[in-house]
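User: Hello! I am new to this structure and would like a guided tour. Could you take my questions one at a time?

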Amino acid sequence: MNFPVLSAITFTPLLLALIVLIIPKSKENWIRWATTILSLIPLALAIYIYIVVQADPGKMHFMEEYSWIPAIDVYYRMGVDGLSAIMLVLTTLLSTLCYYYAIYTIKNRVKEFYFLFLILQVGMSGVFVSLDFIFFYVFWEIGLVPMYLLIGVWGGERRIYASIKFFLYTLAGSMAMLLAIIAVYLETGTFNILEAAAAQPFAGNFVLSAVAFWAFFIAFAIKVPIFPFHTWLPDAHTEAPTTGSVILAGVLLKLGAYGLIRIVLPMFPKPFAYFSYNVPIIPILAVISIVYGALVCMAQWDLKRLIAYSSVSHMGYVTLGISAAAASLALPGGGGPEAVTSAIIGLNGASLQLFTHGIITGGLFFLVGMIYDRTHTRQIKDYGGLGSKLPYYYGIVMVTGFASLGLPGLAGFWSEFFVFRGAFAIMPVYAAIGVLGIVFTAAYILWKIVQFIFLGDFDQEKWDRVTHNAELTDMKTFEKVTMWPLVILMVLIGLYPSLVVRLLNGVSTALFGNF
Amino acid sequence: MQIIIFFLPQLVLLLSMVLVFGIDLVGSNEKKWLPYLALAGSVISLAISLYLFGWVEVTEQTVLGGMIAIDSFALFFQIFAALVAGIIILLSMEYMDERSSSKGEYYSFILLASFSISLLSVSADLIMIFIAFELLSISSYILTGFLRNDGKGSEAAIKYFLYGSIASAMMLYGMSLLYGTTASTNLGQIAQNLSGIDSSLRWVVYPALVLLMVGFGYKTVAVPFHQWSPDAYEGAPTPVTAFLAVGSIGGGFAILIRVMLTGLPDFQVDWVALISALSILSMTLGNLVAISQKNIKRMLAYSGIAQAGYILIGLVSWGGWQAGNVFDGLSGILIYLLVYLVANLGAFAVVIAVENKIGSNQISDYAGLIKRSPLLAGTMVVFLLSLIGIPGTGGFVGKLMVFGAAMNMEYYFLAVIAIINSVIAGFYYLNVIRYMFFQPLDEPAREKIKLTRSLSAVIILTCAFTLLMGIFAQPFIQFVQASLGIVAN
């Protein structure tokens, strides 16, 4: 038998969590460093998977299948293709960075913090590798509890409200998904995600398939989040501790979009196409998310809330890309090979956006956390003229911000470009409205973040008043170490997107080969 | 095989009850070891019933003139009753030491009540059912008012008694109608006589069905027959509350299932309609009212009402006797009862530990529990998550099986209401977690909570089983799937 790489990458954090539990509370530094260093193991495994999957990204690799609860047909099934591999790299990388960053920033209840965070990592990695519905669902929900506690214990002022809102919204979505999973099982007789997709449940009955489609779609839409299910997000992101926000924006939101690509699109192509093209509810919601999210950012003066809303806007691109791909299936006459190509490009853009948004917004939340730790204010108007005082920080923020607004040469450009290249060919109207989002993004990043925080004259008197005489220090070493891997990736993918796109393209092509 | 060995688990419970009671009368010195005698009785009973379940071939049959059924379903509830008795005795040790001197009586009543649960589960005749039902009720009334100097407890017992006697009377009336229609008190015979019944006589069976449901609804705390439960739960000594919330409900479900499936199979359409209405009411009302509760025992009472509603879904979704059904309503009920047993008794163990220390049951007094006792707070999270139905805990498996059965029988409406309720339930269970983890603690209350051995044993065991049933569910599902044999005459 081969070494179970996927089990190892999923359950190493669980093992670490148990180790953390054993280490006595007084040895806080042991807990911090042991977790950070040992979390390099899953990261290394993810990179190994990434390299192996290169050979044939459209197929499942490292398959594992054991009987788990045979009485109800539940299996322990795992496998990775290009998309999962990329998401695993993102998950393990951001987790390790968070453990490292938390060494210096989390001062109280250290043991609990690391324990919960490790459990969270188990849930996230598990979702990306599981190929059995119940197994998938277990991981999907496992992440919920630690995130709830992370927001509630280490969060900001309104943390209690935000944590419960986050929990209940997600629980509502996942309960609907549970019923849909059972329905799919009763229809197809299997919990195997790939087999169930191949069996095309309810293909003969459009009404039933539409109901099952919406049950899954809403569960994932809440997590993405797509307007109007987004209202939990600004609260949760704003109140969570920095590392919590990074993981929320970086990975947890991706779970929803991953579900759309992995489960909903292959299993319910007809209803997905119908509600993307004939009755275009989904692209409309996507476009509203993009434009509305960006407009709220323009009006937002709380820096962390601004970044949170920018996530709503940026995840709208993902929805737009996926729905464009789905809509191509409903084009009159099949749309021809050109439509298939556009669909694949759109889907590639959406998947790439998952990764680039993960590293860019993850980075932005780290950066917000850094300035907040110094000033204890998140009000944009309290800053000003910091460019001359914090040149290093200014530089890193510029790169990350420009990546976020889609400057060519940086990572964000390619995902947005692909999404709109795909969408314009298939649904030009929505693509055209969606492009407005890019304009607004440029506006709020340049105007709100760059101008208000860094440009202008530095006013020492105001600074002392709003920050209560905080010391003005530039980035510390640990902050640089946290940010550099992300910045390097942004530049690297900006210059050579094939690093990631090759894998994603394999997955999208294989998917459309089945339709 | 001698029939008598199937009575051994019950006889052991009964015998140890008599022993505890009798020894308590002899001499005037305090006997600290009496609880352990009671505990030994329930453990032996548990061991014997597990042995019977696993290693003895059960021939499904009724004995003693059709009064008593011997089948694997009954054996399941023998195990259930012995398990409940053992855990409740462990929960009571410290609690009762501090509050009452009449130990012998208390433990013998716990044993008697558990015995009557197991007697109820084997009854296959209306007369036997009524006797066992009353035995369970009366011992529960006494236990509820056991601390006679406690005003709240006495009030709770009186309310419980008044409500219970009316419910029993109505149930008895229903039984008499059933007897009048079929000329038999034997469940199997009733089913036979009802199968070719004249349509005009059906109109006598309908009221009989409703009246029977009053009695069973009262035992399973189904809305609208639940009114006694919040007051009784709040006023009773907390270990007794735990008994009422788990044991008594289990007994109610045992007899409800047996009567409906073996006595009234021809009226399935009618009782399905009735029970699904009760189920919807129980889930919705239980959950909505639980939100506003400030006392944790009351909250658990209302949440128990809601949980009973979920369990009723399993009965509604019973798909007949055919085998090979992955999502079967009956196995859903039994697995749900098991996970509910461990999670709820675990939660009550934590409640008792906190009450022993700080003398309060207010949810707000759970503030900062994580600092005072990480073990209590951590395990309480597991129990509450299991009650919500989060994967990784047994509660998820229970919900999966029950909801799956509902979907399987195409009761989509019930399934949808159940999931909406599960989300509402999340709110008040999380509220407790919020207090334990997020609320800062007042300075004077920073003392650590120390646990006695008996309580920590219960807490650790129930927590381990809650997780085991969630992660390695297979043996437990197999266990309940082997418990589905109900003798139908």
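This is a predicted model: local features need pLDDT of at least 70, side-chain atom pairs count only at pLDDT 80 or more; totals for chains, interfaces and linings use all residues.

User: Let's begin where the chains meet. Which helix of chain B gives the most to the side of chain B that touches chain A?

Analyst: The contact takes 24 residues from chain B and 26 residues from chain A. On the chain B side, helix H16 (394–408), helix H17 (412–438) and helix H19 (474–481) each supply at least two residues. The biggest share, 10 residues, comes from H17(B).

User: How many residues of the side of chain B that touches chain A are charged?

Analyst: Sorting the residues on that side of chain B by class gives 15 nonpolar and 8 polar ones. The number of charged residues there is 1.

User: Which peptide bond ending at B:Pro224 is cis?

Analyst: B:Pro224 is found in the loop between helix H8 (199–219) and helix H9 (228–235) of chain B. Omega is near 10° for the cis bond, which runs from B:Val223 to B:Pro224.

User: Where in chain A is A:Pro228?

Analyst: A:Pro228 is joined to A:Phe227 by a cis peptide bond, with omega about 5°. The place of A:Pro228 in chain A is the loop between helix H10 (206–223) and helix H11 (232–239).

User: Back to H17(B). How is H11(B) oriented relative to H17(B)?

Analyst: Helix H11 (residues 268–291) of chain B packs against H17(B) with the axes 9 Å apart and an angle of about 15°. Angles under 35 degrees count as roughly parallel, so H11(B) and H17(B) are roughly parallel.

User: How many residues in the contact of H11(B) with H17(B) are nonpolar?

Analyst: H11(B) passes H17(B) in a left-handed crossing. Residues making the contact include B:Ile280, B:Met283 and B:Leu288 of H11(B), and B:Ile417, B:Ile424 and B:Phe427 of H17(B). By class there are 5 polar and no charged residues, and the number of nonpolar ones is 12.

User: In chain A, what classes of residue make the contact of H5(A) with H12(A)?

Analyst: Helix H5 (residues 110–129) and helix H12 (residues 242–267) of chain A have axes 10 Å apart and an angle of about 30°, and they are therefore roughly parallel. Their contact is made by A:Leu120, A:Met124, A:Val127 and A:Phe128 of H5(A) with A:Ile247, A:Val251, A:Leu255 and A:Tyr258 of H12(A). With no polar and no charged residues, the contact is made by 8 residues that are nonpolar.

User: What is the handedness of the crossing of H1(B) and H3(B)?

Analyst: Helix H1 (residues 8–25) and helix H3 (residues 72–99) of chain B pack at about 25°, with axes 10 Å apart. They are therefore roughly parallel to each other. The contact is made by B:Pro9, B:Gln10 and B:Leu13 of H1(B) and B:Gln78, B:Ala82 and B:Ala85 of H3(B). The crossing is left-handed.

User: One last question: how many Å apart in space are B:Leu162 and B:Ala405?

Analyst: B:Leu162 belongs to helix H6 (residues 151–182) of chain B and is exposed, with 12 other C-beta atoms within 10 Å. In sequence, B:Leu162 and B:Ala405 are 243 residues apart. In space, C-alpha to C-alpha, the distance between them is 36 Å.

Terms used. Residues are numbered from 1 along each chain as its sequence is written. Chains are lettered from A and ligands numbered from 1 in the order in which they are written. Two residues are in contact if their C-beta atoms, placed from the backbone, lie within 7 Å. Helices (H or I, at least four residues) and strands (E, at least two) are DSSP runs, numbered from the N terminus. Ala, Val, Leu, Ile, Met, Phe, Trp, Tyr, Cys and Pro count as nonpolar, Asp, Glu, Lys and Arg as charged, and the others, Gly among them, as polar. Axes are lines fitted to C-alpha atoms, for helices over the stretch in contact, and angles run from 0 to 180 degrees between N-to-C directions. Angles under 35 degrees count as roughly parallel, over 145 as roughly antiparallel, 65 to 115 as roughly perpendicular and the rest as oblique. A crossing is left-handed if the near helix is turned anticlockwise from the far one by less than a right angle, and right-handed if clockwise. A residue is buried if 20 or more other C-beta atoms lie within 10 Å of its own, exposed if 12 or fewer, and partly exposed in between; C-beta atoms are placed from the backbone.
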